[in-house]
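Let's take a walk through this model together, from the overall fold down to single side chains. Please keep the 3D view open as you read.

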Amino acid sequence: VHNQRVVLLRQAQRPSGRPRAENRLVLNERLFSRALDGMMAMRKAAQEARDLDSLRGYEGKAAAYYFEAVRALLDPAWKFDRRAYHPPPDPFNALLSFAYSLLLKDVMAAVNLVGFDSYLGCFHEIEDGRPSLPLDLMEEWRPLVADAMTLELVNRGSLEPGSFTWTGAVRRPVELG
């Protein structure tokens with residue numbers, strides 16, 4: 001939650017990719033502030049969690065608030081309402097899923113390199129085929145690496161919603177060249 005808050009506050013203060021006359025990110029400040037407050041309330045409540053299921057609940061609710069704040073940072077043209085990934089319903093969700101997949105690949109490689117079992121984790125539930133340990137380890141880095149990069153690409157104008165095409169299950173960037 002701390003790293004998510006850091007990313008949000010940095011993004012809210014950064015210049016946008018718009019022309020110089022409108023070089024500040026357009027921000028829904030009411031939605032953004034409410035989401036930050038909700039995240040901090042969940043962070044505080046998590047410190048009092050009595051069991052892992054309660055902790056997961058607080059973390060999940062903090063994530064919902066986080067993605068509300070992310071929505072406040074995005075141009076409405078991205079049509080990002082909430083985090084959804086099976087399948088990603090919009091280009092921004094597709095970008096997040098892609099960035100998370102790349103980060104997971106790298107964390108899994110590091111876990112396997114040191115000889116740990118990728119499927120025995122602490123926070124993520126252990127299920128067949130779920131790499132719980134890499135998912136646990138990437139939690140702290142996901143906002144700082146994947147989310148920050150995705151927000152930068154979008155808010156600087158390097159990627160635009162029109163650069164994506166619907167392929168049935170997910171959206172992907174139109175091939176260049």
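**Overall fold**

Please bear in mind that this is a predicted model. The chain contains six helices and two strands, and their order along the sequence is α-α-α-α-α-α-β-β. Of its 177 residues, 38% count as buried.

**Helix 1 against helix 2**

The crossing of helix 1 past helix 2 is left-handed. On the side of helix 1, the contact involves His2, Gln4, Arg5, Leu8, Leu9 and Ala12, while helix 2 contributes Phe32, Leu36, Met39, Met40 and Arg43.

**Aromatic residues**

The structure holds five aromatic pairs. Two of them are set side by side here.

| Pair | Distance between ring centres | Angle between planes | Geometry |
|---|---|---|---|
| Tyrosine 66 and phenylalanine 67 | 4.9 Å | 65 degrees | edge-to-face |
| Phenylalanine 80 and phenylalanine 92 | 5.1 Å | 75 degrees | edge-to-face |

Why does the pair of tyrosine 66 and phenylalanine 67 count as edge-to-face? Planes over 60 degrees apart fall into that class, and the planes of these two rings stand at 65 degrees, so the pair is edge-to-face. Tyrosine 66 is buried, with a relative accessible area of 0%, and phenylalanine 67 is buried too, with a value of 11%.

In the other pair, the planes of phenylalanine 80 and phenylalanine 92 are at 75 degrees, so this pair is also edge-to-face. Phenylalanine 80 lies in the loop between helix 3 (52-73) and helix 4 (91-113), and phenylalanine 92 lies in helix 4, so the pair ties together parts that are twelve residues apart in sequence. Both phenylalanine 80 and phenylalanine 92 are buried.

The charged end of lysine 61 sits over the ring of tyrosine 65, at 4.6 Å from the ring centre. Likewise, arginine 142 places its charged end over the ring of tyrosine 100, at 4.9 Å from that ring's centre.

**Two residues to look at**

Is leucine 55 buried or partly exposed? Its relative accessibility is 29%, so leucine 55 counts as partly exposed. Leucine 55 lies in helix 3. Leaving aside residues up to four places away in sequence, leucine 55 touches Ala46, Ala49 and Phe123. With phenylalanine 123, the separation is 68 residues in sequence and 8.9 Å in space, C-alpha to C-alpha.

Serine 132 is found in helix 5 (residues 132-138). Serine 132 has a relative accessible area of 0%, so this residue is buried. Which residues does serine 132 touch, not counting those up to four places away in sequence? They are Ser118, Tyr119, Leu120, Gly121, His124, Glu125 and Ile126.

Technical notes. Residues numbered from 1 in each chain as written. Predicted model: local features only at pLDDT ≥ 70, side-chain atom pairs only at ≥ 80, totals over all residues. Heavy atoms only, no water. Phe/Tyr/Trp six-rings, centres within 6.5 Å; stacked < 30°, edge-to-face > 60°. Buried < 20%, exposed > 50% of the residue type's maximum accessible area, 1.4 Å probe, protein only. Helix = DSSP H or I, 4+ residues; strand = E, 2+ residues; numbered from the N terminus. Lys NZ or Arg CZ within 6 Å of the ring centre and 35° of its normal. Left-handed = near helix turned anticlockwise from the far one by under 90°. Contact = heavy atoms within 4.5 Å.
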